[in-house]
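Welcome! Please take a look at the structure below, and then read on for a short tour.

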Amino acid sequence: MAIKIDNQTKLGVACLGITHPHTSGRVKAFQRIPGVAFLGAYDDSPLLEPFADALGLQARSKDDILSDPDVHIVLVHPKSYLMADWAIEALEAGKAVLCEKPAGRHSTDTLRIVEAVERTGNLFQVGYCWRFSPAVEKMQQVLQSGEIGKVLQVRAHAGCSHDEADTNHMKQPGDLGGAFYVIGCHTIDRILLHFGMPNSVNARITKFAGQMSDSAREDAATAMLNYDDKVVTIDFMSWDPLPWTESWDMTAYGTHGVMHSTPMPASYKLYHDGKVGHSQGWTHWNETSFPEVWAVRKTVYSPEIAEIGNPVYFDREAAVFVKSLTEGLPSQVPATQAHNINLILEALFKSSELLGQEVTLV
């Protein structure tokens, strides 16, 4: 059911959970949307008070937020072990939910969310904000058009920088993995967006003894996603020396061209061989560099990992979410996407435990 916004009716938004480092960025994005009113935040963390003070919010109880008829949207941003429980509570209270990825610790959590969405019929979107990069959208357009021919091979790289792999956020008890799970899931989202579910996977997710922090989880990962008509490879570095996300990229190799894109700074390079209606040669495009860095500084409410400074993807993500809610459109990143990502990640970790043996998904 769509919710109409007018001068008399504000779209009410509130937070359940504020400890995820993306929370402040998403709150600010919704605060910038005309016709939106922020109606409080809840967390059982001592960081709630400084968070609410800094962002001009009212600290409220979870029950107050869920029972408030003026709250239409709930942003679910606690640690991973609470994501599914609080998202389901919000859905069952009649709220639309934007939940930080990966929306739980395992596929058992995301399956529960899928079932809650089916049961309630309420809007649920997972916070895979990188997919709203214009470079990602261009890659999807090129792939769907078939202009680079038959894609037979895809290569993707991502990483985790600023030594975040050794923070508590990347080492939550009960999580499936560390940096590859918490950060690498963005790359799995892009692969599913472009190519759908693979048939099977192979992976080596490695911790190198005596090389990096003993308490951190995986140091580096390589994975292969197997399809009937293509192979997709992923490599991931938990100790990326580049300061933000400059190294993240994805390249699709087709029989008539190549498509290479990076999400931020958003850029792409597109090659056509001149044989299927496009001029031969390269097209290069850049949206921007870093007028505002992705993560800026640690704060009193985000003492371990720097809060997000560049608003562009949160603004685009929030706009898509509000459009879905107010116009009754399907979720652009539904609960089923979060579930499929977790299924793939579980298969990758299982394959690694089996020293790279193939693990079947479908």
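**A first look**

Buried residues make up 57% of the 362 residues in this protein, where buried means under 20% relative accessible area with a 1.4 Å probe, counting protein chains only. This is a predicted model, in which local features need pLDDT of at least 70 and side-chain atom pairs count only at pLDDT 80 or more, while totals for chains, interfaces and linings use all residues. Residues are numbered from 1 along each chain as its sequence is written, and side-chain values use heavy atoms, leaving out hydrogens and water.

**Overall build**

- The protein has ten helices and 16 strands, which are DSSP runs (helices: H or I, at least four residues; strands: E, at least two) numbered from the N terminus.
- Its C-alpha trace spans about 60 × 50 × 40 Å along the principal axes.

- Nine strands form an open sheet with mixed pairing, in the order 13-12-11-10-6-9-8-7-16; two strands pair if DSSP finds at least two bridges between them.
- At the edges are strand 13 (281-286) and strand 16 (359-360), each pairing on one side only.
- Strand 6 (residues 151-161) pairs with strand 10 (residues 249-254) in the antiparallel sense, over six bridges.
- Opposite alanine 156 stands methionine 250 in strand 10.

**Contacts along the chain**

- Of the contacts (heavy atoms within 4.5 Å) between residues at least 6 apart in sequence, 70% join residues at least 24 apart.

Definitions and conventions: Buried means under 20% relative accessible area, exposed over 50%, partly exposed in between (1.4 Å probe, protein chains only).
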